[in-house]
Amino acid sequence: MREIHPHLLWIGNALDARDSRALFDAEIEAVVDVAFEEPPATLPRQLIYCRFPLNDGGGNRAAILLHAVQCTVDLLAAGTRTLVACSAGMSRSPTIAAFALSSHLDQPAEEVLLGIAQVGALEVKGPLWNDVAAVLPRVRAGR
């Protein structure tokens, strides 16, 4: 689990999303799960759990991409400490987190992604990135 915005946003993998002790230790309040191939996490009732099953490549429905980003933006705007997780924590979670944080901070997503890359290795997939970029204009800023 990697903190990408101080005291507000983390990215991680499927194991991180299911480790309630680590989530509580980091005082994370919400998990946005974007892993398609993983079963839904079973988390304690105190945690918010939002699941948007996404594929790494293209072909995701625009509505699901929009909801994944919008949900994350709304959690950030509310000051909710949030983990965005996918299977390996290398493509889907950094992509959704980068676009949500770019909307929240009013910064270009590419700049936000460069900051995320400083925290650890990434394998962001071009088709997914492009598909999320296409729905970003429909995301409401949560400021």
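User: Two strands count as paired if DSSP finds at least two bridges between them. Which residue of strand 4 stands opposite Ala 30?

Analyst: This is a predicted model, in which local features need pLDDT of at least 70 and side-chain atom pairs count only at pLDDT 80 or more, while totals for chains, interfaces and linings use all residues. Residues are numbered from 1 along each chain as its sequence is written, and side-chain values use heavy atoms, without hydrogens and water. Helices (H or I, at least four residues) and strands (E, at least two) are DSSP runs, numbered from the N terminus. Strand 3 (residues 30-35) pairs with strand 4 in the parallel sense over five bridges, and opposite Ala 30 stands Ile 48.

User: Why is one side of strand 1 and of strand 4 left without a neighbour in the sheet?

Analyst: The five strands form an open sheet of mixed pairing, in the order 1-2-5-3-4. Strand 1 (2-5) and strand 4 (48-54) are at its edges, so each has a single partner strand.

User: Is Ser 93 buried or exposed?

Analyst: Ser 93 is part of helix 4. Leaving out residues up to four places away in sequence, its contacts (heavy atoms within 4.5 Å) include Ile 11, Val 34 and Val 84. Buried means under 20% relative accessible area, exposed over 50%, and partly exposed in between (1.4 Å probe, protein chains only). With a relative accessibility of 0%, Ser 93 is therefore buried.
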